[in-house]
Amino acid sequence: MRSWQMPVMLRPPGPVGEPALEVIKVGRPEDLQAAERIVIEGFELTGFEPHRPGELFPMSFIGQPGVDVFVALHDGVAAGACVSVVDDGVGSHYWVGTSPAFRSRGVGRAVMLGALAHVADLPVTLTASKLGRPLYESLGYTVAAPSTWWASVPATP
């Protein structure tokens with residue numbers, strides 16, 4: 001087994017700025033599939049390749065109470081994605097990702113601002129990667145606690 005730590009971050013309720021890019025709340029299957037592909041690419045989830053639509057983001061996400069998926073568009077192309085969940089008065093963000101071809105162009109910030117706008121009146125949590133933490137801090141998140149993640153390591157012959 002190998003382990004690593006990532007911070008759990010919390011953002012209190014508060015105003016949210018406008019995204020510089022168009023951000024849509026997913027309502028169509030093709031947009032959900034685009035979000036799924038972005039996350040698979042962005043997180044290098046090779047176990048989900050070749051892409052099998054609905055395996056990571058099932059179609060039931062569309063219309064599921066408390067679950068919203070957002071996509072940021074860069075010149076009309078789906079470039080960033082985020083899953084937002086609200087339960088018991090708290091929001092959480094998962095799978096915040098940007099397609100590698102669109103990194104460092106404001107896509108991550110845009111998708112976060114678009115998703116945050118829907119939960120601006122709630123406290124919101126997420127678990128931050130090293131690359132994402134500076135963005136989240138700039139959006140008002142602070143570290144609440146560390147979390148430890150574990151994964152199996154393939155056996156060597």
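**A look inside the core**

Guide: Happy to! Keep in mind that this is a predicted model. Let's start with the setting: the chain has three helices and seven strands, and from the N terminus on they run β-β-α-β-β-β-α-β-α-β. Of the 157 residues, 38% count as buried.

Now to the core itself. In soluble globular proteins, nonpolar side chains tend to be buried together. Here the largest nonpolar core holds 23 residues. Those with the most contacts inside this core are Met 112, Leu 116, Leu 126, Tyr 136, Leu 139 and Tyr 141. Several elements give two or more residues to it: the strands β3 (67–74), β4 (77–87) and β6 (124–127), together with the helices α2 (107–116) and α3 (133–138). Among these, α2 gives the most, with seven residues.

Let's zoom in on Leu 126. If we leave aside its neighbours within four places in sequence, Leu 126 is in contact with Pro 7, Val 8, Met 9, His 93, Met 112, Tyr 136 and Tyr 141.

Finally, step back to the chain as a whole. Of its contacts with a separation of 6 or more, 69% are between residues 24 or more positions apart. A compact globule with 157 residues would have a radius of gyration near 15 Å, so the 16 Å of this chain agrees with that.

Terms used. Residues are numbered from 1 along each chain as its sequence is written. This is a predicted model: local features need pLDDT of at least 70, side-chain atom pairs count only at pLDDT 80 or more; totals for chains, interfaces and linings use all residues. Side-chain values use heavy atoms; hydrogens and water are left out. A nonpolar core is a set of buried Ala, Val, Leu, Ile, Met, Phe, Trp, Tyr and Cys residues joined through side-chain atoms within 4.5 Å. Buried means under 20% relative accessible area, exposed over 50%, partly exposed in between (1.4 Å probe, protein chains only). Helices (H or I, at least four residues) and strands (E, at least two) are DSSP runs, numbered from the N terminus. Contact means heavy atoms within 4.5 Å. The radius of gyration is taken over C-alpha atoms; the globule rule is 2.2 Å times the number of residues to the power 0.38.
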